[in-house]
Amino acid sequence: MSIRPLDGPARRFEELLGPRSVITDPVRLRTYECDGLTHHRVTPGVVVLPDTAEQVAGVVRICNEHDLPFVARGAGTGLSGGALPRSDGVLIVTAKMRRILSIDLPNRRATVEPGVTNLAITEAVRGLGFYYAPDPSSQQVCTIGGNVAENSGGAHCLKYGFTVNHVLGLEIVTPDGYIVELSESGPGYDLLGAFVGSEGTLGIATKVTVRLSRAPETVTTLLAAFEDVERGGRAVSAIIGGGIVPAAIEMMDALAVEAAEAAVACAYPEGAGAVLIVELDGPAEEVAHQFGEVTRLCREAGAFELRVADDPERRAAIWKGRKSAFAAVGRISPAYIVQDGVVPRTALPGVLASIDRLSHEYGIRVANVFHAGDGNLHPLVLFDDAEPGAAERAELVSGRILDLCIEHGGSITGEHGVGVDKARYMPKMFSADDLDTMQLVRCAFDPRGLSNPGKVFPTPRLCGEAPGVRRGAHPLVEAGLAEQF
Amino acid sequence: MGVTDATGTGGPPEAPEAMEALRATGAVIRDAAPGDAVAGVAPRWVASPRDTGEVAALMRVSAARDLAVVPAGDRTKLDWGNPPERCDLLLDTRGLTFGDGLVVEHSAGDLVARVSAGLALGTLNSMLAGSRQELALDGVPRAGTVGGTVGGTLATATAGPRRFRYGTARDLLIGVTVVLADGTVARSGGAVVKNVAGYDLGKLFTGSYGTLGVITEATFRLHPVPADRRWAGVDLPAPRTGGTPGGQAYRPGGLPPGSDGFGRLDSLVTALASAQAEPSAIEIDWPGPRHDLTVAVLVEGVSAGARAEALRELMSAYGTAWLRTEAPEWWAAAPGEDTLLELRVPPACTHHALRVIAAYGLPARVRGSAASAVLRMSFPAGMDREAFTGLVTGVRAGLHPFGGGLTVLAAPPGLADGVDRWGPSSAQPLMRRIKERFDPGRRMSPGRFVGGI
């Protein structure tokens with residue numbers, strides 16, 4: 001039997017973690033070949049499942065000794081290929097690190113291991129009147145470690161912010177294998193702020209201290225049906241312009257509603273060209289006042305039907321269609337791409353019209369589901385993969401939507417991350433100097449480039465190179481080892 | 001004030017040539033005056049660039065001639081941090097503009113503003129007031145100021161009472177333009193609130209005390225100005241312990257809880273922080289030993305009156321509580337000028353922090369955000385250096401069991417000599433590596449920051 005390059009390190013991992021926590025069997029390795037973005041697949045070289053931060057640090061040190069790239073992964077729900085493994089490297093799975101270490105209500109914080117799911121934190125404190133605010137749609141299964149890596153958002157981040165606004169402290173294993181505490185309040189550079197959202201390229205979080213939020217006194221959810229997206233958009237502008245920051249404002253267009261209806265029979269108003277969901281929360285009197293305003297503004301903007309929910313069941317009924325929208329498009333299209341771009345809220349009408357034009361131009365249907373309050377679009381680009389050329393056209397439309405976002409001063413990703421999927425778009429959004437400056441951070445944390453390489457940045461500058469504008473071809477490009485996008 | 005010439009006597013012979021090179025950037029350059037000193041260290045020149053391009057040109061000249069640069073705005077916090085090891089050029093950001101002389105680009109419909117780093121926070125909020133929007137940062141006013149510039153607020157990561165509801169500068173910053181030590185202009189983030197593309201350099205630069213580069217522009221998320229504001233408060237009796245010069249009087253658990261007003265402080269703060277009336281700020285003001293401690297909250301929004309009344313009722317179980325339509329006069333202001341320390345403890349350990357201080361029996365004034373656990377402490381002028389050193393070491397050690405820390409923000413010349421102003425951090429090796437990458441020549445505010453960075 002031939003000796004594979006990873007056999008030596010794998011034996012050392014087994015010594016460190018025990019044989020049951022190291023996977024080398026090719027069939028079992030394939031379980032980990034992708035994250036939520038399934039069209040990128042790589043079978044990892046070795047998978048390890050450590051129990052403790054010390055074990056993670058030990059694994060990372062062995063990787064350093066053998067010059068092996070490593071990728072950390074939680075539940076693998078990411079949608080940008082951020083946890084895509086390396087065939088020549090090690091996949092560090094945090095699934096066994098799922099203890100809630102402490103809940104400290106007087107200080108409104110909890111410390112958990114990275115494999116704890118987002119929802120498990122809320123479930124642990126719900127009965128005590130608290131919750132963990134960031135709520136990505138995958139919160140039942142996604143892990144807090146993955147949320148930290150991606151700086152995850154969710155429907156309610158319009159009012160409450162993202163993961164980075166709710167993480168008070170981190171214990172990380174640095175790319176060279178040291179355990180370091182990063183604190184939001186300690187003296188020095190805000191390394192915690194730089195680490196959250198760095199997509200695993202600056203190290204691995206092994207403990208996360210999160211802020212717990214007190215459950216609001218009142219939650220009221222309103223569904224408003226409009227003839228078209230433009231009228232719905234007018235309502236959104238009026239609400240925000242009126243000084244109201246709802247907990248969430250979500251919009252779906254006719255095609256997205258059709259899909260949701262086919263999948264979960266959410267019984268949204270018939271004939272709606274756009275459905276707007278507005279959630280208000282806070283002190284009862286405040287919510288009552290805002291509810292009156294929002295209702296009035298929706299009517300003025302042309303809402304032809306309004307539904308209200310102020311108990312959990314009715315609220316769930318309103319959210320049902322929205323929350324199932326991504327999966328639901330499978331009912332009306334054999335294949336689809338979920339895009340994740342952001343535009344300034346005021347640019348929404350123009351961008352949606354442009355998406356409509358693109359859709360007609362390429363003969364590709366696009367269902368729009370979006371966080372209207374913060375301009376985060378999730379166009380679902382639908383195509384039939386049996387039709388020759390359709391996938392390519394869908395990919396083209398999807399890319400053109402990102403171009404639109406950049407043209408309007410927006411972002412190529414609002415919450416899913418760059419990962420491998422969008423690394424090539426980074427030079428469209430940032431200059432070479434911007435990217436080089438980001439590389440200074442990368443090189444400080446990870447001079448050898450072993451931590452989740454190939455993600456976020458298309459052509460990272462080598463850490464030994466002098467900072468500043470690149471001169472001539474990149475050495476990796478020149479050597480034929482990398483491609484410049 | 002003990003101003004020293006960091007360059008030695010007379011300066012090097014190439015000085016006139018360097019000044020010419022700086023002038024060639026287009027920025028206004030002048031010789032520094034004694035009032036331009038940075039924590040007692042005199043620069044040679046003061047540059048007033050008009051835009052990011054001129055800052056970049058200045059930084060390139062500085063790189064070529066190994067000039068040390070310290071950025072400055074309204075100078076309200078220029079004496080914070082360690083004195084710089086050297087300072088050749090003070091870079092005054094107050095004249096910075098972008099796009100045809102603009103200092104603010106306000107997109108009201110997006111609740112976003114792009115702002116020149118040199119603009120004063122107070123001026124910015126006056127400009128936004130017409131749209132009934134604001135940048136929800138309070139700044140930390142000192143005598144005769146309105147809280148400094150946007151750039152200074154970011155560089156020192158200062159935040160006032162409303163941090164409890166809105167977060168701090170790093171939470172409200174969505175995009176930043178910086179000029180690095182070698183003149184590279186870099187942007188991160190953007191003009192949209194929701195954005196996870198690339199590393200967040202804005203967070204790294206926020207609180208970096210000018211050691212990584214010069215912040216020239218910032219883009220912030222804004223908030224609607226609340227329809228109404230109310231303040232409610234209560235006075236709690238002070239601890240009866242007198243304290244000792246060495247501060248040995250207090251050990252956690254050494255005093256029975258409830259023996260004075262402080263014992264109930266944390267339960268009050270916990271109750272306020274969790275109250276459904278949703279205060280935007282929970283502040284304390286303690287003028288010093290033998291004085292009562294005031295706890296005050298701010299409530300904002302349409303139903304502010306009714307919600308503040310609910311909180312007043314809650315507080316009335318602790319003492320005589322009050323309700324006002326105006327902020328208390330001490331609200332959001334630094335507790336003092338010359339000697340200013342910042343204490344950080346978990347919110348439910350605020351009373352421990354106060355007892356640790358009270359144990360020294362010194363005339364300390366403490367003020368700050370109880371529910372966010374950032375307190376600032378000041379002393380009257382004339383404090384003895386030995387007592388100060390003992391206090392810093394002792395309070396730091398006293399806060400350690402609670403996971404707290406202490407930073408000396410400002411101190412009169414000589415008082416903090418030999419004192420570690422920042423305190424320990426396990427991440428210091430990583431911070432040094434960041435500094436080495438961004439500023440390998442150690443020319444950006446050298447020595448001012450944690451561990452002498």
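What follows is a short tour of the domain contacts, chain by chain.

This is a predicted model, where local features need pLDDT of at least 70, side-chain atom pairs count only at pLDDT 80 or more, and totals for chains, interfaces and linings use all residues. Residues are numbered from 1 along each chain as its sequence is written, chains are lettered from A in the order in which they are written, and side-chain values use heavy atoms, with hydrogens and water left out.

Chain A splits into domain 1 (100-214) and domain 2 (218-408), while chain B has domain 1 (103-224) and domain 2 (229-410); such bounds come from an automatic or database domain assignment. Here is the area buried between them (accessible area, 1.4 Å probe, that two parts lose on being put together, summed over both).

| Domain pair | Buried area | Share from carbon and sulfur |
|---|---|---|
| Domains 1 and 2 of chain A | about 880 Å² | 53% |
| Domains 1 and 2 of chain B | about 1500 Å² | 49% |

In chain A, 7 residues of domain 1 are in contact with 13 residues of domain 2, contact being heavy atoms within 4.5 Å. There's 1 salt bridge between these domains, a term for a side-chain nitrogen of Lys or Arg within 4 Å of a carboxyl oxygen of Asp or Glu. A:D281 forms a salt bridge with A:K159, with the closest N and O atoms 2.8 Å apart.

Over in chain B, the domain centres, taken over C-alpha atoms, sit 28 Å apart. The contact there takes 17 residues from domain 1 of chain B and 24 from domain 2 of chain B. The rule finds 2 salt bridges across this interface. B:E300 and B:R162 form a salt bridge, their closest N and O atoms being 3.5 Å apart.
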